[in-house]
Amino acid sequence: MSLQQDLESRSGNQCELCTSKSDLSIYEVKPTSTVGGSGVDGSLLACGNCRTQIDGVSDMDVNHWRCLNDAMWSEFRAVKVVVWRILSRLRNEGWPKDLLEMLYLEDDDLRFAKESGDHLDESEKIIHRDANGAILEAGDSVVLIKDLKVKGSSLVAKQGTAVRRISLDHENAKFIEGKVGPTQIVIITDYVKKMAEKE
């Protein structure tokens, strides 16, 4: 079965957030490398209305998200993580804060949910930028623009190396993490360039 079919089967062919049955497609929870690798564990089936609001394409309709009162009890981690992120963004409305207090996430899932920074106020958010000033987000891919010696090893990460599905250091705007070969390394943002989605 394809991923789409797996998710349709799991969800009963409806949006896993608001139960709409129209305009359904796969929503990949970024960064997918953290949430069970990818595939069914790292994705959910979502309607167009939910997807555009999650991605910030359209403004958040607070009343639309009252559906999370049911979705928050999902057994699937991708759904719970997205619910947590949306409730965190809406927490100043009152009722989402109450739901957040009831929502339970395992430590790993909570750490992953916080990757988006949705729980932070705008003034607290650290913005990571590449060498050209482009904003970096968790799950992005970057390319090294110079050779980098990796501290504590003989490894040299070569200029032009692609680092996919980066994660962000939420305390330092200059640090990101990613894998070069099998090794997870910390990289300074001054030495990377964000890759276009199609690269």
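Which residue in β12 is the bridge partner of Val142? In this predicted model, the partner is Lys194. Local features need a pLDDT of at least 70 and side-chain atom pairs count only at pLDDT 80 or more, whereas totals for chains, interfaces and linings use all residues. Residues are numbered from 1 along each chain as its sequence is written, and side-chain values use heavy atoms, with hydrogens and water left out.

The average pLDDT of the protein is 87. A score of at least 70 is reached by 90% of the residues. This score is the predictor's confidence in each residue, on a scale from 0 to 100. Across residues 33-37 the pLDDT falls below 50. That stretch has 9 contacts in the model beyond near neighbours in sequence. A contact means heavy atoms within 4.5 Å.

Helices (H or I, at least four residues) and strands (E, at least two) are DSSP runs, numbered from the N terminus. The sheet has 3 strands, in the order β8-β5-β12, with antiparallel pairing. β8 and β12 stand at the edges with a single partner strand each, so one side of each has no neighbour in the sheet. Strands β5 and β12 are joined by 3 bridges and run antiparallel. Two strands pair if DSSP finds at least two bridges between them.

The structure contains 7 salt bridges. Side chains of opposite charge can pair when their charged atoms come close. The criterion for a salt bridge is a side-chain nitrogen of Lys or Arg within 4 Å of a carboxyl oxygen of Asp or Glu. One of the salt bridges pairs Arg77 with Asp109, with the closest N and O atoms 2.3 Å apart. This pair links distant parts of the chain, with Arg77 in helix α4 (residues 77-89) and Asp109 in helix α6 (residues 107-113), 32 residues apart. Arg77 is partly exposed, at 24% relative accessibility. Asp109 is buried, at 7%. Buried means under 20% relative accessible area, exposed over 50%, and partly exposed in between (1.4 Å probe, protein chains only).

Lys174 forms a salt bridge with Asp190, and their closest N and O atoms are 2.8 Å apart. Here too distant parts of the chain are linked, at a separation of 16 residues. Lys174 sits in the loop between β9 (167-168) and β10 (175-180), and Asp190 in the loop between β11 (183-188) and β12 (192-194). Lys174 is partly exposed, with a relative accessible area of 40%. Asp190 is partly exposed, at 35%.

A further salt bridge joins Asp147 to Lys158, with the closest N and O atoms 3.9 Å apart. Asp147 is in the loop between β5 (142-144) and β6 (148-149), and Lys158 in the loop between β7 (156-157) and β8 (162-163). The two are 11 residues apart and link distant parts of the chain. Relative accessible area is 38% for Asp147, which is partly exposed. For Lys158, also partly exposed, the value is 48%.

Glu16 lies in the loop between α1 (3-11) and β1 (24-28). Glu16 is buried, with a relative accessible area of 13%. The side chain of Glu16 reaches the backbone nitrogen of Leu45 at 2.8 Å. Leaving aside neighbours within four places in sequence, the contacts of Glu16 include Leu7, Arg10, Leu44, Leu45, Phe76 and Val79.

The loop between α1 and β1 also holds Asn13. Asn13 has a positive phi of about 60 degrees although it is not a glycine. Most residues other than glycine have a negative phi. Asn13 is partly exposed, at 40% relative accessibility. Arg165, in the loop between β8 and β9, is likewise not a glycine and has a positive phi of about 50 degrees. Arg165 is partly exposed, at 41% relative accessibility.

The structure holds 0 disulfides. A disulfide is counted when two cysteine sulfur atoms lie within 2.5 Å. The closest cysteine sulfur to that of Cys15 is in Cys50, at 3.8 Å, which is too far for a bond. For Cys50, the closest cysteine sulfur is in Cys47, at 3.6 Å, again too far for a bond. Cys15 is buried, with a relative accessible area of 2%. Cys50 is buried, at 0%.

Notes
Polar contact = N/O pair within 3.5 Å; in protein donor to acceptor, adjacent residues only side chain to side chain.
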